[in-house]
Amino acid sequence: MNENVIIRTVTQIMLPFIQIFGLYVIAHGEVGPGGGFQGGVILGASVILISLVLGKKEARKRLSMKWNDVFNSTGVLVYAGIGFICLFLGGSFLEYGVLPFGSAEKGNHLGMVGIEIGVGITVAAVMTTIFFEASEKDDD
Amino acid sequence: MDIITIISGIFIFAGCFFIVIASIGVLRLPDFYTRLHAAGKADTLGQGLIFLGLIIYEGFNLISLKMLFIVIFIFIANPTATHAAAKAAFISGLKPWRKKDDN
C-alpha cells in the first residue's frame, strides 16, 4: 500500500469533493437531474474508494460496522415515517400535500426533499454493506 | 456570426478531433498498455477542449463555473485512473507488446 503515492494523494484530495457532489445531487433531486438513489450511490462510492485505496481498516475506521447498520435502517425509517405521517394526517401513503407546512405546494416540496434524504442515506449504506460483505468472502 | 461562436466552435472541433483520434487508437493499437495510452491522454485533452469551448460560448456564469469544475476534476482524475489501471496490469504480470522479429 505504501508505494501508491499518486493514487493515495489524489484520493485524499478528491474525497471531500466527491462527497459534497453526492450531497448536492441528493439536494437537487426534485428540481434537476439526480435524486436520492444517484446521490446515495456517489456517497457509497466514496467510502468504497477509501476502502480500495487506503485499505479496508481505514474505511472501517471512518464508517464503522455499527454506524453502517444504523444508517441502513435510518433511511428506511425516514422514508416510511414520512409516508405514514401522511397516512395519519388523512391523506394516502406519501401524499405530501397534507403535511403541516402551510400550503400543499410547500408540503409537496419539503416532503419530496425528506424522501430523497431517506433514500440517499439507505442507498449509501447499502452500497458500502454490499461491498464489504463481498470482500469479506475473499479473506477466508 | 459572432466571434465568440467561432472561437468556441474551433475549440469544440479540436476536442472532437482528439476524441476521434483516441477512439481510433483504442480500436487499432495492439495491446492493453498502448490502448490505455491512447485513451488516457487524448480523452483528457479532448474533453478539456470541448468543455473549454462550451465555457467560452456560455460566458461567465454559474453554468460555466460548474463546467470549469468538471474540467479540473477530469484533468486530475482521468490520468490517475489510467495510472492505476496500468500499474495494476503491470503488477499482475502483463508483458508489454513487442514486434515479432524483435525477440
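I began with handedness: α1(A) crosses α2(A) in a left-handed sense. I kept in mind that this is a predicted model.

Next I looked up who makes that contact. From α1(A) I noted, among them, A:Ile7, A:Leu15, A:Ile18, A:Phe21 and A:Ile26. On the α2(A) side the list includes A:Ile42, A:Leu43, A:Leu49, A:Ile50 and A:Val53. There are glycines too, including A:Gly22 from α1(A) and A:Gly36 and A:Gly39 from α2(A). Sorted by class, the contact of α1(A) with α2(A) has 12 nonpolar residues, seven polar and one charged.

Then the geometry in chain A. Helix α1 (residues 5–27) and helix α2 (residues 36–53) of chain A have axes that come within 8 Å and cross at roughly 165°. Angles over 145 degrees count as roughly antiparallel, so that is what I wrote down for α1(A) and α2(A).

Over to chain B. Helix α1 (residues 3–28) and helix α2 (residues 32–58) of chain B pack at about 165°, axes 7 Å apart. I therefore put α1(B) and α2(B) down as roughly antiparallel to each other. Their crossing is left-handed. I got 21 nonpolar, eight polar and two charged residues for the contact of α1(B) with α2(B).

I also checked the length of helix α3 (residues 62–91) of chain B. It has 30 residues, so at 1.5 Å a residue it should span 44 Å, and its end C-alpha atoms sit 43 Å apart, which agrees. Just after α3(B), I found B:Gly93 with a positive phi of about 95°.

Last, the contact between the chains: five residues come from chain B and four from chain A. The chain B side that touches chain A has three nonpolar, two polar and no charged residues.

Key
Residues are numbered from 1 along each chain as its sequence is written. Chains are lettered from A and ligands numbered from 1 in the order in which they are written. This is a predicted model: local features need pLDDT of at least 70, side-chain atom pairs count only at pLDDT 80 or more; totals for chains, interfaces and linings use all residues. Axes are lines fitted to C-alpha atoms, for helices over the stretch in contact, and angles run from 0 to 180 degrees between N-to-C directions. Helices (H or I, at least four residues) and strands (E, at least two) are DSSP runs, numbered from the N terminus. Angles under 35 degrees count as roughly parallel, over 145 as roughly antiparallel, 65 to 115 as roughly perpendicular and the rest as oblique. A crossing is left-handed if the near helix is turned anticlockwise from the far one by less than a right angle, and right-handed if clockwise. Ala, Val, Leu, Ile, Met, Phe, Trp, Tyr, Cys and Pro count as nonpolar, Asp, Glu, Lys and Arg as charged, and the others, Gly among them, as polar. Two residues are in contact if their C-beta atoms, placed from the backbone, lie within 7 Å. The expected span of a helix is 1.5 Å times one less than its number of residues.
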